[in-house]
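Please read the following explanation alongside the coordinates, moving from one chain to the next. The paragraphs take up domains, strands, a helix, nonpolar cores and a chain contact in turn.

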Amino acid sequence: MEDASRVPRRRFLANLVLGASGALGIGALGARLLAFLSPPAPPERVVEYALGPLEVVPDGGGVVRDLPSGRVAISRRGDRVQAFSAVCTHLGCIIQWQPTADHAWFCPCHQGRYDRDGRVVGGPPPRPLVPVVSEVRDGQIVVRMVLRLPVDQV
Amino acid sequence: MSVAALRRWIAERVPIPIEALRQPLREELPVHLKSWLIWLGGTPLILFGIQAVTGILLTFYYSPNPDHAYDSVRRISTSLRFGWLVRSVHQTGAQLMIVAIMLHMIRVFATRAYRRPRELNWVFGVMLFLLTLGFGFTGYSLLYDSLSYWATTVGTNLVGNVPVVGRSILWLLRGGPDVNPNTLARFYDFHIGVLPTLMVLVLGAHLLLVRLHGVAVPEGDTRRQTYDFFPDHVLRESAIAIVLLLALVVHAMASPPGLGDRANPNVTPAHIRPEWYFFPPYRWLKLVPMQVGIWTSTAFVLAMLFWPWLDAGLERLAPGRRLGVWLGSAGFLFTLVLLLWEALS
Amino acid sequence: MSLTAQKFLVALLSLALFASLIVVGGVDARRQAEARKQAAAALDAAANPQLARGRAAFVKYSCNACHGANAAGGIQNLNAESGGQVNDLLRVSETYTAAELAEKIRNGVPEVGKEDPTGPAPPLRMPAFRDLIAGTEMTDLLAYLMSLRPAGGGKGSGW
């Protein structure tokens, strides 16, 4: 049994040192293991994509293109284009070009409807389409999007 | 709310008598437990705990699909934060655990602690040893680099040579007539599901028997003093655990885990070998015809399992001659020779 | 050993563990920097659609089966003079022009040099793709090959 005449202060000191260093050791270990469970964010790059001459989008029409950065929905009027992310803001389905009197883009999943400017004109989508920076440069349609490697390819 | 009120709240809902919980802490252990030889028993347990934790962490990122397995291991080793550390500790911990169990077995053998009434505990112990080898084999197969893929293929093919039941066991192991996409998933399941469950059950039985019988007193030790479980023994075990962890962490930094080429089922590398702990049977099977090898290896394992009775029989045969010690030592040395022979060739 | 001494021992060991984990942090930071560079390179390749197409062609025609994943080599070719393995392609941009590479791909390499002249002939040979790879596919493949660079310490360096 422990010596009852042991100096209480020494015992307190020993316990304190033990507790503190134990906490440091376990703390550091825990921190490392938690960091392991939080994968680093994949690197990102803003990338420009050349989609081709203006004619790839019919005048007054719209197309959806699949790019490494994601799918982009482009509509054209004359020599001006408008580009949006083709991902419906409701639950992530891909929209389609469907020109009618009241809307231009249509989502088949829950019948969400957007106009040419990406605003919601019908259905459940909560927000307008996310715009994508686009321009016409020397007759070529150019869009700028963020490219991110898939997490398991990092 | 006072502490006493909290205690009453818990005691009403979880009616365990407090004294029953406090009892183990106040227990007094015989001093022969302080011997470093006896430490060898706790070491595999501590390492198993480390393996369980690092193993579970690895399952967050490992993929048991043949197309993704290799890449997932590569990803863990290179791009994840401290992935190399977790993987290294798990891999080295496995080797250490096998060494620790072997040392523990040698200690129990040398001190003849397997004798009546502890024979059953020895059997459980050998089962734990075999389970640990199983962990090593299934775990190694998960790397899916060319060496591990072929070592696993050869290893399972060997099982197919066992008479009568061989083909059925092989079918079960592979999940079909040959290695297929299911095989890796199956080995993964053995490694993280079946074997851990069996391990915990047998470990529970092993520890229970140790608690019931007490650790066998080495012959000639007549000391009668005792020391406290808490805090003395707990501090000792903590020190051992921290030393092991420290060794594993430092080793991880000194020698980060590597990975061979991706497994290619169409190309067999020139030198395939199992992991070092399978060198003895590997070398043996290269020396003798296949069926002879299978039968003798099985006999060897059975002799290990039922050693206490074998030893008791030998003792009756030639009392005082310690035939058991000679036979057991010879068996161990033979295994060691085979191991070194294979390692050096 | 007295109880106090034991407590201090465990405390000391805990601090040693703590210290080692700090060093671990430093080691990891360096490895992360290296991994991020490789990820950035992969991102570059992904961002360049021609390189992505070229890489797809590399896989499509099973070039990776002999020259290794990412053309990094490592596939065994017994007794080949390129170190008993099929050569990696990480430095082709330094030794060949795109036109010379196209030549090699079209005509193949009928006989691979032996490391040991008395030994067996290496089993793997560069096949002749003739017109199988042509047009934009060939251009993309060549662009991909000419973009390859060896990683930090060279092929197969330790992790």
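Domain bounds, as used here, come from an automatic or database domain assignment. For chain A of this predicted model, that assignment gives domain 1 as residues 1–38 and domain 2 as residues 44–153. Taken over C-alpha atoms, the centres of domain 1 and domain 2 of chain A are separated by 58 Å.

Chain A also contains a run of paired strands. Strand β2 (residues 62–67) of chain A pairs with strand β3 (residues 70–77) of chain A in the antiparallel sense, over 6 bridges, and a hairpin of 2 residues joins β2(A) to β3(A). Within this pairing, A:Val63 has A:Ile74 of β3(A) as its bridge partner. Strand β3(A) is in turn joined by 6 bridges to strand β4 (residues 80–85) of chain A, again with an antiparallel course, and here A:Val72 has A:Ser85 of β4(A) as its bridge partner. The hairpin of β3(A) and β4(A) has 2 residues between the strands, and in this hairpin A:Gly78 takes a positive phi near 70°.

Turning to chain B, its secondary structure comes to 14 helices and 2 strands, and its C-alpha trace spans about 65 × 65 × 40 Å along the principal axes. Of the 345 residues in chain B, 30% are buried. Among contacts in chain B between residues at least 6 apart in sequence, 78% join residues at least 24 apart.

The buried residues of α7(B), which include B:Tyr149, B:Trp150 and B:Leu158, pack against α6 (119–141) of chain B.

Which residues touch the most other members of the largest nonpolar core? In this core of 63 residues they are B:Leu47, B:Met97, B:Tyr144 and B:Leu245, while helix α5 (residues 83–110) of chain B gives the most to the core, with 13 residues. Not counting residues up to four places away in sequence, B:Met97 touches B:Pro44, B:Leu47, B:Phe48, B:Gln51 and B:Thr132. Apart from this core lies another, of 20 residues, with A:Ala73, A:Ala86, A:Tyr114 and A:Val120 among them.

Finally, the contact between chains C and B takes 25 residues from chain C and 28 residues from chain B. By class, the side of chain C that touches chain B has 15 nonpolar, 7 polar and 3 charged residues.

Key: Residues numbered from 1 in each chain as written. Chains lettered and ligands numbered in written order. Predicted model: local features only at pLDDT ≥ 70, side-chain atom pairs only at ≥ 80, totals over all residues. Buried ≥ 20, exposed ≤ 12 C-beta atoms within 10 Å, placed from the backbone. Helix = DSSP H or I, 4+ residues; strand = E, 2+ residues; numbered from the N terminus. Contact = placed C-beta atoms within 7 Å. Core = buried A, V, L, I, M, F, W, Y, C linked by C-beta atoms within 7 Å. Nonpolar A, V, L, I, M, F, W, Y, C, P; charged D, E, K, R; others polar. Pairing = 2+ DSSP bridges.
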